[in-house]
Amino acid sequence: MNMIKFLLFIVPLVISSRTDQELPSFDSKSSEPKSRFAMLDDVKILANGLLQLGHGLKDFVHKTKGQINDIFQKLNIFDQSFYDLSLQTNEIKEEEKELRRTTSKLQVKNEEVKNMSLELNSKLESLLEEKVLLQQKVKYLEKQLTNLIKNQSEIQEHPEVTSLKTFVEQQDNSIKDLLHTVEEQYRQLNQQHSQIKEIENQLRRTGIQESTENSLPSKPRAPRTTPTLHLNATKNVEHDDITADCTTIYNRGEHTSGIYSIRPNNSQVFNVYCDFKSGNSWTLIQYRIDGSQNFNETWVNYKYGFGRLDGEFWMGLEKIYSVVKQSNYILRVELEDWKDNKHYTEYSFHLGNHETNYMLHLAEITGNGPRVLPDHKDLVFSTWDHKAKGHVNCPESYSGGWWWHNVCGENNLNGKYNKARAKTKPERRGICWKSQNGKLHFIKSTKMLIRPTDSQSFV
């Protein structure tokens, strides 16, 4: 640009000098040589300016050419990236279509499995009713057969009794098969439910890119090979075998608290509430929150459990024993009063069977709460209709079944539920805990939980 400005300044000077030369000269002849030399100087200046202008234009052309080359390279890179995005967009569209088709198929199968499960449940209920009736008939016939045996020294078994026994055995086998089929259908339902959830999450993730996909071309502009995209496979949280406790369920990848089926060693299948928190897996054996469940129950109910797993409940002494006899377990007691103060205590413990009245022996490990159970003592479980020796009046006086020692204590977590009232003292026969200064405190909620000391048990 400087050279152009210089040229624009020089050219008028040269032109003016030439114009002056063409005008008639009024000077003498002696001035002609001087004007010629002046003209040559102007030409040299003009030539020099033109030369510099040429060099400047040459440099400018080279620079412009380099910039154009850079622009072309960037355009090629952008074009290649745009092409890659178009290919990936087409692949994502195809995978999304496949996912939608799979989701539709799974939903159809899910409905079919649900219908089959309902049919199986209805058949199972009818079979169970038939089984009860047949068992009653068999008992009646057995009584008759016993009477006949007493009257006759040798008697052959009645054909009707034999046929009924055979039929009952067949029905038992059929019911067991149906139970196994129902459990298998239940596992398949849970598996398909998890697959549908995972696919829905994938569809939501791919749906974010729809606005970009609509703006990109559907056909690539040039052939090019790109790696295929791999979506995460659906995680299968179901297993062929029912687990032994909640820890096994947690170690297999299920980290959502809720109701699960377990089968401890040498035990039947039953449902429990698994509480997964802070990296630990706990089996909830007792829960009280609002007083909706009456805990002043019989020995049989305390033995086999009562209440609702999604509300207040007692898991059952026999079920607790079937779980804890597999390994060494920790008992955790959580309390919350009506001022929202929370406390907990953890114990190592040993639980006996029904022959020992489920004798409990504790050793405190850690915690910031009161001692709701005395440690290093043998505690036996009693209810109002099943009184252990030496603890005759405790269940009747304090309401609800509990582990007692030689005296009736204040810390009975299965007692009557006390709701907070203004300016009233807590009822000693209800659930409350006694602080070190002897003051009784209302209990708003209680939890009793167990877990193995070894978190890798039964894996």
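Guide: The following account sets out the chain as a whole and then turns to its aromatic rings.

This is a predicted model, in which local features need pLDDT of at least 70, side-chain atom pairs count only at pLDDT 80 or more, and totals for chains, interfaces and linings use all residues. Residues are numbered from 1 along each chain as its sequence is written, and side-chain values use heavy atoms, with hydrogens and water left out.

The protein chain contains eight helices and 13 strands (DSSP runs numbered from the N terminus: helices are H or I with at least four residues, strands are E with at least two). Of its 459 residues, 35% are buried, where buried means under 20% relative accessible area, with a 1.4 Å probe and protein chains only. Among contacts with a separation of 6 or more, 57% join residues 24 or more positions apart; a contact means heavy atoms within 4.5 Å.

A pair of aromatic rings is described by the distance of the centres and the angle of the planes. Rings of Phe, Tyr and Trp (its six-membered ring) pair if their centres lie within 6.5 Å; planes under 30 degrees apart are stacked, over 60 edge-to-face, and the rest tilted. The count by this rule is 14 aromatic pairs. In one of them, the ring centres of Tyr260 and Phe276 are 6.0 Å apart and the planes stand at 50°, so this pair is tilted. Tyr260 belongs to strand 1 (residues 258-262) and Phe276 to strand 2 (residues 270-277), so the pair ties together parts 16 residues apart in sequence. Both Tyr260 and Phe276 are buried.

Trp314 and Trp403 also form a tilted pair, at 6.0 Å centre to centre and with 55° between the planes. This pair links distant parts of the chain, since Trp314 lies in strand 5 (residues 313-314) and Trp403 in strand 10 (residues 402-404), 89 residues apart. Trp314 and Trp403 are both buried.

These two tryptophans belong to one aromatic cluster, together with Phe295, Trp299, Tyr302, Phe306, Tyr358, Phe381 and Trp402. Over the face of Phe295 lies Arg288, at 4.1 Å from the ring centre; a charge sits over a ring if NZ of Lys or CZ of Arg is within 6 Å of the ring centre and within 35 degrees of the ring normal.

Tyr358, another cluster member, is placed in the loop between strand 7 and strand 8. Tyr358 counts as buried, at 0% relative accessibility, and has a positive phi of about 50° although it is not a glycine. Asn357 is in the loop between strand 7 (342-351) and strand 8 (360-367), and its phi is likewise positive, near 55°.

Terms used: Buried means under 20% relative accessible area, exposed over 50%, partly exposed in between (1.4 Å probe, protein chains only).
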